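Here is a short briefing on one protein model. Keep the sequence and the 3D view open as you read.

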Amino acid sequence: MSRRKIIKKIRVETAYVIACLIIGMLRMLPRRAALGFGSVLGRIISYVAVKDVKCAADHLTLAFGDEKTDAEIIRMARETFRQIAMNFADTVRIR
């Protein structure tokens, strides 16, 4: 197996383990704490996933055109990631 494939496999497996740990933790937390954690997680992801925030901002620019400033559009894109993470936290807690 090539070095590139090994590194990719390690990344995928690490992401899987981290996701399982987060899901397990969210299921143990009360709803309010889980939503708070999701909110923080979403904010962190919005600063780590720069390409995805740019893509979301591009789509929001198409949707809102001249109605919103660039700063408002970036804020909306980051808020989207926060809301998605909170929805994920809430969904994971459903039995």
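The points below cover salt bridges, charges over rings, a surface patch and a few single residues. The model is predicted. The count of salt bridges is four. A search of the whole structure for aromatic pairs finds zero.

- Glu 13 and Lys 9 form a salt bridge, and their closest N and O atoms are 3.9 Å apart.
- Both residues belong to helix H1. They are four residues apart, which is about one turn of the helix.
- Glu 13 is partly exposed, because its relative accessibility is 45%.
- Lys 9 is also partly exposed, at 44% relative accessibility.

- Arg 31 pairs with Asp 90 in a salt bridge, with 2.8 Å between the closest N and O atoms.
- This pair links distant parts of the chain.
- Arg 31 has a relative accessible area of 46%, so Arg 31 counts as partly exposed.
- Asp 90 is partly exposed too, with 24% relative accessibility.
- Arg 32 also lies in helix H2. Is Arg 32 buried or exposed? Arg 32 is exposed, because its relative accessible area is 77%.
- The C-alpha atoms of Arg 32 and Asp 90 are 9.4 Å apart. Along the chain, these two residues are 58 residues apart.

- Glu 79 and Arg 82 form a salt bridge, and the closest N and O atoms lie 2.7 Å apart.
- Why are Glu 79 and Arg 82 separated by about one helical turn? They are separated by about one helical turn because they are three residues apart in helix H4.
- Glu 79 is partly exposed, at a relative accessible area of 29%.
- Arg 82 has 15% relative accessibility, so Arg 82 counts as buried. The cut-off for buried is under 20%.

- Arg 82 lies in helix H4. Leaving out residues up to four places away in sequence, Arg 82 touches Gly 38, Ser 39, Gly 42 and Arg 43.
- Ser 39 is part of helix H2, which spans residues 31-48.
- Which residues does Ser 39 touch, not counting residues up to four places away in sequence? Ser 39 touches Arg 82 and Met 86.
- Ser 39 is buried, because its relative accessible area is 12%.
- Asn 87 sits in helix H4, which covers residues 70-92.
- Asn 87 counts as partly exposed, because its relative accessibility is 48%.
- The C-alpha atoms of Asn 87 and Gly 38 are 7.8 Å apart. These residues are 49 residues apart along the chain.

**Charges over rings**
- The charged end of Arg 78 sits over the ring of Tyr 47. The distance to the ring centre is 4.0 Å.
- Lys 68 lies over the face of Phe 64. Here the distance to the ring centre is 5.6 Å.

**A nonpolar surface patch**
- Which residues make the nonpolar surface patch of about 340 Å²? Met 1, Ile 6 and Ile 10 make the patch.
- Ile 6 lies in helix H1, which runs over residues 3-28.
- Ile 6 has 39% relative accessibility, so Ile 6 counts as partly exposed.

**A cysteine in helix H3**
- Cys 55 is found in helix H3, made of residues 50-64.
- Cys 55 is partly exposed, because its relative accessible area is 38%.
- The C-alpha atoms of Cys 55 and Ile 94 are separated by 30 Å. Along the chain, Cys 55 and Ile 94 are 39 residues apart.

Terms used
Residues are numbered from 1 along each chain as its sequence is written. This is a predicted model: local features need pLDDT of at least 70, side-chain atom pairs count only at pLDDT 80 or more; totals for chains, interfaces and linings use all residues. Side-chain values use heavy atoms; hydrogens and water are left out. Rings of Phe, Tyr and Trp (its six-membered ring) pair if their centres lie within 6.5 Å; planes under 30 degrees apart count as stacked, over 60 as edge-to-face and the rest as tilted. A charge sits over a ring if NZ of Lys or CZ of Arg is within 6 Å of the ring centre and within 35 degrees of the ring normal. Helices (H or I, at least four residues) and strands (E, at least two) are DSSP runs, numbered from the N terminus. Buried means under 20% relative accessible area, exposed over 50%, partly exposed in between (1.4 Å probe, protein chains only). Contact means heavy atoms within 4.5 Å. Patches are made of residues with over 30% relative accessible area and no salt bridge: like charges are joined within 9 Å, nonpolar side chains (Val, Leu, Ile, Met, Phe, Trp, Tyr) within 5 Å. Accessible areas come from the Shrake-Rupley method with a 1.4 Å probe; for residues, only the protein chains shown count as cover. A salt bridge is a side-chain nitrogen of Lys or Arg within 4 Å of a carboxyl oxygen of Asp or Glu.
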